[in-house]
Amino acid sequence: MLNQFSQYISRIPSELFYRINLIRHASKLPVLCAQDQSIVDAVRREGVFVTSLEDLGLTKTPTLIEAAKNELIKMEVVRCARGDRTSKFGSVENPAYPQIFTVTDLPEFYSWGSQQCLLNIVENYIGLPIAFQGVHLRRDFANEEPVTTELWHLDAEDRRMIKVIIYQDDVSEDNGPFEYIPKSKVSLPLALRIRSKIASRMAMGKVGINDAEMEEFVPRSFWKPCPGPAGTVVFADPKAIFHHGKPRKQKRSALFFVYTAKNPLRPDCCKQYSDQTFSRLLPTQQNSGVGAG
Ligand SMILES: O=C(O)CCC(=O)C(=O)O
Ligand SMILES: [Fe+2]
């Protein structure tokens, strides 16, 4: 308790500095068109905005889709070589961890995520100069029990952040869409209770809490899955909303573009988007997403 209190006190100067920087940067934010402003407003209000590649109308999209298709083929080759396709894959004894490739260094992905229109949306949401941290291409599989990000959690990278998630195939409820609890459904005292439950699970080495545990805090009718056809785009602040990949019966492939402030709260958590953590070069050891948030 005393330890928690002294940690809280020690954070006050950096929080003050953060607030001052937000005020200072407010007049420097890029101006947005009405459509882009509505994305920022929705993420502020509820934590998520769902759209599509078609509606975003960004020029570099066809190249991105082609490149993602090619990488997904390579991922399948790697998975077969690793022998993951046994009947027990996804059982409690042999959990199907997500397969993750960091694709940040590939120009088709980096240049899509660096388009000014996207950066402007993110900067307006974050309120500070931003950093595009990188891109993960992920395949998530069916599991008998939830593993890693199928458990409800909050991300840690920064005070405010944006993930732009793009489905590569059609995602129905069975494929485990991104699912979240809108900000408006969680009061501050409730959020603190959920966070404390998640912290207790993290102390046991888990990423978060399961559906039954979440249901003790928030009724299922308030949970918002985001299914959608290939090309669906989810803008989300995964630090601001309790979220997970809904436990699935069938696999799902998606891209995750990640943005934070230039000086994020947890630079250590941002390394996974650019270093060797989910390398394509050492796939057998390093592309199973244990611990990804
Ligand atoms: O699999 C998902 O839809 C969510 C993954 C996740 O938790 C994240 O990217 O922060
Ligand atoms: Fe997450």
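Two strands count as paired if DSSP finds at least two bridges between them. Strand 4 and strand 9 meet that mark, pairing in the antiparallel sense over 6 bridges. The model is predicted. Its ligand 1 takes up the space of the largest cavity.

- All of strand 4 (residues 162-167) is buried, 6 of 6 residues, so the strand is largely enclosed by the rest of the structure.
- In a regular strand the side chains alternate between the two faces of the sheet.
- Both faces of strand 4 are covered. Ile162, Val164 and Ile166 are buried on one side, and Lys163, Ile165 and Tyr167 on the other.
- Towards strand 9 (252-261), Ile165 stands opposite Phe256.
- Strand 4 also pairs with strand 7 (residues 232-236), in the antiparallel sense, over 4 bridges.
- Val164 has Phe235 of strand 7 as its bridge partner.

**Ligand 1**
- The residues that surround ligand 1 are Arg138, Thr149, His153, Asp155, Lys163, Phe178, His243, His244, Gly245, Arg252, Phe256 and Gly293.
- Lys163 places a polar side-chain atom 2.8 Å from an oxygen atom of ligand 1.
- For His243, a polar side-chain atom lies 3.1 Å from an oxygen atom of the ligand.
- Arg252 has a side-chain N or O atom 2.7 Å from an oxygen atom of ligand 1.
- On its own, ligand 1 has 300 Å² of accessible area, and the protein covers 99% of this.
- Strand 8 and strand 9 are the elements that give two or more residues to the shell around ligand 1.
- Strand 8 supplies the largest share of that shell, 3 residues.

**The 6-5-8 sheet**
- An open sheet is formed by 3 strands in the order 6-5-8, with antiparallel pairing.
- Strand 6 (224-225) and strand 8 (243-245) stand at the edges with a single partner strand each, so one side of each has no neighbour in the sheet.
- Strand 5 (residues 178-180) is joined to strand 6 by 2 bridges, and the two run antiparallel.
- Tyr180 has Lys224 of strand 6 as its bridge partner.

**Helix 6**
- Helix 6 (residues 116-126) has 9 of its 11 residues buried, so it is largely enclosed by the rest of the structure.
- The buried residues are Leu118, Leu119, Asn120, Ile121, Val122, Glu123, Asn124, Tyr125 and Ile126.

Conventions
Residues are numbered from 1 along each chain as its sequence is written. Chains are lettered from A and ligands numbered from 1 in the order in which they are written. This is a predicted model: local features need pLDDT of at least 70, side-chain atom pairs count only at pLDDT 80 or more; totals for chains, interfaces and linings use all residues. Side-chain values use heavy atoms; hydrogens and water are left out. Buried means under 20% relative accessible area, exposed over 50%, partly exposed in between (1.4 Å probe, protein chains only). A residue is near a molecule or strand if one of its heavy atoms lies within 4 Å of it. A polar contact is a pair of N or O atoms within 3.5 Å; within protein, one must be able to donate a hydrogen and the other to accept it, and residues adjacent in sequence count only if both atoms are side-chain atoms. Accessible areas come from the Shrake-Rupley method with a 1.4 Å probe; for residues, only the protein chains shown count as cover. On a 1 Å grid over the protein atoms alone, a cavity is a set of points where a 1.4 Å probe fits but cannot get out, and a pocket is an open set with protein on both sides within 12 Å along at least five of seven lines; lining residues have an atom within 4 Å of a point. A molecule sits in a cavity or pocket if more than half of its atoms lie within 2 Å of its grid points.
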